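Please look over the structure shown below before reading on. The briefing that follows goes through its rings and its helix contacts, topic by topic.

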Amino acid sequence: MTKDVPRDTMQKSSEDVLKEDKKNVSIYETLRDGILNLRFKPGEVISIKALCEVLKAGRSPVRDALIRLEKEGLIVTMPQKGTMISKIDRKRAAQEQFLRESLEEKVLEVILEKEERSKDENDREKGSSRSDLEDSKLGYEGLTNQLEAVFEKQREAVEAKNARKFLELDMEFHHLFFKEAGQELAFELITSMCGHYQRIRLLSLLEEDIMEDTFSQHKEMIGFLKGGKKEKLRSLLHEHLTKVKQEESVLERRYPDLFVMEKRVEQAGNPLDLDFLMESNRKGE
């Protein structure tokens, strides 16, 4: 005997289901964007009821979105207290930064190796009187043209001192390297897993000198690509991806309430020798 299909399932068409899924994704993306772009303050307690009213959504899809965000470390559920936007965790951010550094430096090697193979094949097939510099210019022309287009948009963000827009374009700039290497999945992994690192980057861009320094490094990267200066490009990319480590401590001192504070427990001697009950008894004597 076959089981009856639930009435509510029968009443929903595939179009209704798709609309519902799209709305749920929209709720998730709206909340995620608000967290990553620091529209929500790290450590802020949010009300599910208020979110439902603002988003014009039911509790179920909002709760589903919060569960997804909690898995990404962007939301913390506190029993009897509510839901809190996670504070920035430097330990997690360090792991996220390591992930990006490892993947993007490997992506650069893929691009350089790809161009080297292409150049060798052209030399074997046709013979070539071009210099290495000319080969590099021809090989990277498509990528550098795209990078320069994003770079010019970043110039406007720098002049406007628009940190959010600059970071958006920064992501677009680096995404081009992943596209060139054919590693879109790696970039998607970075964007989906690096929420703490991204919030640190956004905070750092409020410092005018940091934004300008990042902008200048992008200009240098394009120049090294055009000039075929591979070692300088490798070195600059490493510096570019790791400089946030030096910026973190400054930001934590400036915005202490936005960061997870490390608990320091001082213990003398062997912790197994401690006896809470006996120590309490001595204090009472």
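**Rings and helix packing**

The structure holds three aromatic pairs. The model is a predicted one, and the points below should be read with that in mind. A pair of aromatic rings is described by the distance of the centres and the angle of the planes, while two packed helices are described by the angle between their axes and the distance between the axes.

**Helix 7 with helix 11**

- Helix 7, which covers residues 141–160, and helix 11, which covers residues 208–227, have axes that come within 10 Å and cross at roughly 160°.
- Because angles over 145 degrees count as roughly antiparallel, helix 7 is roughly antiparallel to helix 11.
- The crossing of helix 7 and helix 11 is left-handed.
- On the side of helix 7, the contact is made by L143, T144, L147, E148, F151, Q154, R155, A157 and V158, and on the side of helix 11 by M211, E212, F215, H218, K219, I222, L225 and K226.
- Sorted by class, the residues in this contact of helix 7 with helix 11 are nine nonpolar, three polar and five charged.

**Helix 7 with helix 8**

- Helix 7 also packs with helix 8 (residues 163–181), and the axes of helix 7 and helix 8 come within 9 Å and cross at roughly 175°.
- That angle makes helix 7 roughly antiparallel to helix 8.
- Helix 7 contributes L143, Q146, L147, V150, K153, Q154, A157 and V158 to the contact, whereas helix 8 contributes K165, F166, L169, D170, E172, F173, L176, F177 and E180.
- The contact of helix 7 with helix 8 comprises ten nonpolar, two polar and five charged residues.

**Helix 3 with helix 4**

- The axes of helix 3, residues 48–55, and helix 4, residues 59–71, come within 10 Å and cross at roughly 110°.
- Helix 3 and helix 4 are therefore roughly perpendicular to each other, and helix 3 passes helix 4 in a right-handed crossing.
- I48, K49, L51, C52 and L55 of helix 3 make the contact together with R59, V62 and L66 of helix 4.
- In the contact of helix 3 with helix 4 there are six nonpolar and two charged residues, with no polar residues.

How values were computed. Residues are numbered from 1 along each chain as its sequence is written. This is a predicted model: local features need pLDDT of at least 70, side-chain atom pairs count only at pLDDT 80 or more; totals for chains, interfaces and linings use all residues. Side-chain values use heavy atoms; hydrogens and water are left out. Rings of Phe, Tyr and Trp (its six-membered ring) pair if their centres lie within 6.5 Å; planes under 30 degrees apart count as stacked, over 60 as edge-to-face and the rest as tilted. Axes are lines fitted to C-alpha atoms, for helices over the stretch in contact, and angles run from 0 to 180 degrees between N-to-C directions. Helices (H or I, at least four residues) and strands (E, at least two) are DSSP runs, numbered from the N terminus. Angles under 35 degrees count as roughly parallel, over 145 as roughly antiparallel, 65 to 115 as roughly perpendicular and the rest as oblique. A crossing is left-handed if the near helix is turned anticlockwise from the far one by less than a right angle, and right-handed if clockwise. Contact means heavy atoms within 4.5 Å. Ala, Val, Leu, Ile, Met, Phe, Trp, Tyr, Cys and Pro count as nonpolar, Asp, Glu, Lys and Arg as charged, and the others, Gly among them, as polar.
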